[in-house]
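Student: I have a structure open and would like to learn how to read it. Could you take me through it step by step?

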Amino acid sequence: MTVNSKRKRSWAEPFKIKMVEPIKMTTAEERVEAMETARYNTFLLKSAEVYIDLLTDSGTSAMSDYQWAGLMLGDEAYAGSENFFRLESAVEKFYGYPYTIPTHQGRGAENILSKILIKPGDVVPGNMYFTTTRIHQELAGGAFEDVIIEEAHKPDNLHPFKGNIDLDKLADLVDRHGAERIPYISVEACVNMAGGQPFSLANLKEVRAFCDKHGILLILDATRAMENAWFIKEREPGYDDKSCAEILKEICDLTDGCTMSGKKDLLVNIGGFLCFRDIEYYRRACELVVVYEGLHTYGGLAGRDMEAMARGIEEAVEDEHLKARVGQVSYLGQKLKHSGIPIVEPLGGHAVYLDARKFLPHLKQDEFPAQALAAALYIDSGVRSMERGIVSAGRDKKTGSHRYPKLELVRLTIPRRVYTQAHMDVVAESVESCYENREGIKGLRMTYEPDNLRFFQAHFEPSAPFVLEGVGLDRSKRYSASRK
Ligand SMILES: *Cc1c(COP(=O)(O)O)cnc(C)c1O
């Protein structure tokens, strides 16, 4: 008997479903009402009003039976919980860092890191900003500077590693500010704001050499480092026969420490950590963690949560998991691409990003096209997405005017192990329907604006009523949404 290895073999989820959570479709009338009440901000919708929730992949994963079983083994001692040591050794085994401090989530780690390393007037280069990362750098008196390669700012550029750092930009930064003003370089895996785009190991090695030359630390935002490892395995020459676990270790070996949001890669609903190789930084972090999070052996987490995260590390690093995870994102992305929808390419690890500039060319950036598109998508089908454009970028701290990012995107973020391919089909059909109705999607005005991280809580109203044909299940109906 011969085996034909050229036959197509589809991926499938490496799990079966043991428990389900019912969801329910709403009527178009209910959704219009809900969006009005939420002031055209998908963060202000109630979860019960949502059919398929692609707001974020943060804390929205489905845990396994192994993780749920771990919850029952929570050791809720104030100090020295058994689960802390399980977490510490899982981090050391898979990420390779000797010192781990748990935090309630990623931004807890970012706060402590920024307070330890940044002095007022410092500059922190990074491969594109992330919202919470930058604000903690600024609150510590530093300024963020973007050193990502130019390709990252172009939604249709097919560079396989759009998360890479531009070494010339880095050198220029050192020339302008001096290495002593740069406490560390912040490198994010699967760059969220660029569309979930990975860096290559070749690039990270160059950055490491640059850091060694100038005496600068290299800190990894490891939030999606496992998904980044998958892309290295897929795309970088020389890595296809390595496991994601081996690649992850190689990534971390090049860095001096990391911040981590366990709510992404690690398949838990809450949790994060901060790691160092150097005991001095670890000691300083221990002094601060007791002020902001809790004792250094729980950092704001229950023992059971640390156990779930320790077990999540073991599961999330598996090649079969990552293949299905990234495979599902790619399934949705390919479908949209074939229908001619403008999306960011190459497809990233955790989300498909719609290019709102191309989708809604009749709107100017300060009419908040991505925000408007996210609202329209919800009204069409109850699918919740989020804006990653001018609203997320916020205002320049010095001039007070909007920052105008080159990318104006709507993020369809896929929670891990939660939805099926049939859900992805429904999402794709709704995006297609919005695309057909794009002329009817109008610009927005901002009516309330918080000072920090405004995208979470800002209010908007449409400058003219949205007109969406055949909204929802009743394809014959013409629906017009406007403020009452
Ligand atoms: C989510 C996220 C953070 C912040 O983590 P939280 O757990 O939400 O506090 C930091 N960096 C990146 C890249 C993220 O995606």
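This is a predicted model: local features need pLDDT of at least 70, side-chain atom pairs count only at pLDDT 80 or more; totals for chains, interfaces and linings use all residues.

Student: Fine. How many helices and strands does the protein chain have?

Tutor: There are 16 helices and 16 strands.

Student: And what does the radius of gyration say about the overall shape?

Tutor: You compare it with what a compact globule of that length would give. For 484 residues that would be near 23 Å, and the protein chain has 22 Å, so the two agree.

Student: How much of the chain is buried?

Tutor: Of the 484 residues, 59% count as buried. The accessible surface comes to about 20,100 Å², and carbon and sulfur atoms account for 51% of that.

Student: What about contacts between residues that are apart in sequence?

Tutor: Take the contacts between residues at least 6 apart in sequence: 72% of them join residues at least 24 apart.

Student: How many positive and negative side chains are there?

Tutor: The protein chain has 62 positive and 71 negative ones, and the centres of the two sets lie 3 Å apart.

Student: Now a strand, please. Which way do the side chains of E3 point?

Tutor: The general idea is that side chains in a regular strand alternate between the two faces of the sheet. In strand E3 (residues 123–126), Val123 and Pro125 point one way, while Val124 and Gly126 point the other way. All of these residues are buried.

Student: Which strand pairs with E3, and in what sense?

Tutor: Strand E4 (residues 143–146) does, in the parallel sense, over four bridges. For a spot to look at, find Val124, which stands opposite Phe144 in E4.

Student: Are the residues of strand E12 buried or exposed?

Tutor: Five of the five residues in E12 (residues 409–413) are buried. Leu409, Arg411 and Thr413 sit on one side, with Val410 and Leu412 on the other, and both faces are covered.

Student: Which strands pair with E12?

Tutor: Strand E9 (residues 351–355) pairs with E12 in the antiparallel sense over five bridges. There, Ala351 has Thr413 as its bridge partner. Strand E11 (residues 386–388) also pairs with E12 in the antiparallel sense, over three bridges. In that pairing, Arg388 stands opposite Leu409.

Student: Let's go to single residues. Why does Thr259 count as buried?

Tutor: The cut-off is under 20% relative accessible area. Thr259 has 5%, so it is buried. You'll find Thr259 in strand E7 (residues 257–261). Beyond its neighbours within four places in sequence, Thr259 is in contact with several residues, including Ala109, Leu113, Ile219 and Phe273.

Student: And what does Ile116 touch?

Tutor: Ile116 belongs to helix H4 (residues 106–117) and is buried at 9% relative accessibility. Not counting residues up to four places away in sequence, Ile116 touches Phe276, Tyr281, Arg284, Ala285 and Leu288. Look at Tyr281: 165 residues separate it from Ile116 along the chain, but the C-alpha atoms are 7.6 Å apart.

Student: Is Glu439 buried or exposed?

Tutor: Glu439 is exposed, because exposed means over 50% and its relative accessibility is 59%. Glu439 lies in the loop between helix H16 (421–436) and strand E13 (444–448). From Leu170, Glu439 is 269 residues away in sequence and 42 Å away in space, C-alpha to C-alpha.

Terms used: Residues are numbered from 1 along each chain as its sequence is written. Side-chain values use heavy atoms; hydrogens and water are left out. Helices (H or I, at least four residues) and strands (E, at least two) are DSSP runs, numbered from the N terminus. The radius of gyration is taken over C-alpha atoms; the globule rule is 2.2 Å times the number of residues to the power 0.38. Buried means under 20% relative accessible area, exposed over 50%, partly exposed in between (1.4 Å probe, protein chains only). Contact means heavy atoms within 4.5 Å. Accessible areas come from the Shrake-Rupley method with a 1.4 Å probe; for residues, only the protein chains shown count as cover. Lys and Arg count as positive and Asp and Glu as negative; His and the chain ends are not counted. The place of a charge is taken as NZ of Lys, CZ of Arg, CG of Asp or CD of Glu. Two strands pair if DSSP finds at least two bridges between them.
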